[in-house]
Amino acid sequence: MQLPPFLSCFQPMAVVSSNSIPSLTLGSLSQLGRRSLGCPSLSLKLTHLSNSSLHCSLNVPENTHEDTPMEKRFPPYPTVMDINQIRERLPHRFPFLLVDRIIEYKPGVSVVGIKNVTINDNFFPGHFPERPIMPGVLMIEAMSQVGGAVILEPDVKGTSGEVFFLARVDKVKFRKPVIPGDTLVMRMTLMKMHKRFGVAKLEGKAYVGSELVCEGEFLMATGSDPQARFLYP
């Protein structure tokens, strides 16, 4: 059986018998592979009506992605901790609080936070006036602050009210510039935690969209000094 020309990009998942009543479903494009069509998932049903004819019905979703207005295509990030809850946990304040929201949080395991990068950030006038780029050291600082949400969790350390310090960073790579208008999505995963010594090792990855822009390993130390209020880069 030969498929119509506009379905020639698909490979059937089953062979249709000529003397049976078959039902053939073509899976989603993500399973079968795309051929630059940009079309949605299709369902093709072939029914054997007689010895000489087949009935073909093509089910296409009525509302495609292109029919949805641009402003409604992308849902907002969830809120696990808002800025007020972040300020309760982290000691950082303007202009060095570089986390706007926590969107995923697994105590003792990992945390995901976002930083909305705007032209109004105070570092852009000097870095650089003609080509604003977020400094790499501030990306590291922002990732460290996200990691602090895990380090300062009572379930991890056993006590609350402590602060943390960035002791070392390793294997840091900057893969793409971060510019105004980007949303920096940072995932910090706890690799090791030595409660006795108050030392933790985390793996950090930062993304803009689906692209990895920065990564590294972070060694952090916790302390209870009430005068130690900031995480130094």
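Reply: F128 sits in the loop between β4 (110-116) and α4. This is a predicted model. P95 belongs to the loop between α3 (83-89) and β3. Most peptide bonds are trans.

Now the core itself. The largest nonpolar core holds 39 residues. V111, M134, V178, L184 and V213 have the most contacts inside it. Two or more residues come from each of β3 (101-106), α4 (136-151), β5 (163-174), β6 (183-194), β7 (199-208) and β8 (211-223). The top contributor is α4, with nine residues. In soluble globular proteins, nonpolar side chains tend to be buried together.

Take L184 as an example. Leaving aside neighbours within four places in sequence, L184 contacts residues including M134, V178 and V213. Its other partners include G113, I114, K115, V117 and M139. A206, Y207 and V208 are also among them.

Strand β5 also holds K171. K171 counts as exposed because its relative accessibility is 62%, over the 50% cut-off. Its phi is near 55 degrees, a positive value in a residue other than glycine. Most residues other than glycine have a negative phi.

Finally, the whole chain. The protein chain has five helices and eight strands. Of its 233 residues, 36% count as buried.

Technical notes
Residues are numbered from 1 along each chain as its sequence is written. This is a predicted model: local features need pLDDT of at least 70, side-chain atom pairs count only at pLDDT 80 or more; totals for chains, interfaces and linings use all residues. Side-chain values use heavy atoms; hydrogens and water are left out. Helices (H or I, at least four residues) and strands (E, at least two) are DSSP runs, numbered from the N terminus. Buried means under 20% relative accessible area, exposed over 50%, partly exposed in between (1.4 Å probe, protein chains only). A nonpolar core is a set of buried Ala, Val, Leu, Ile, Met, Phe, Trp, Tyr and Cys residues joined through side-chain atoms within 4.5 Å. Contact means heavy atoms within 4.5 Å.
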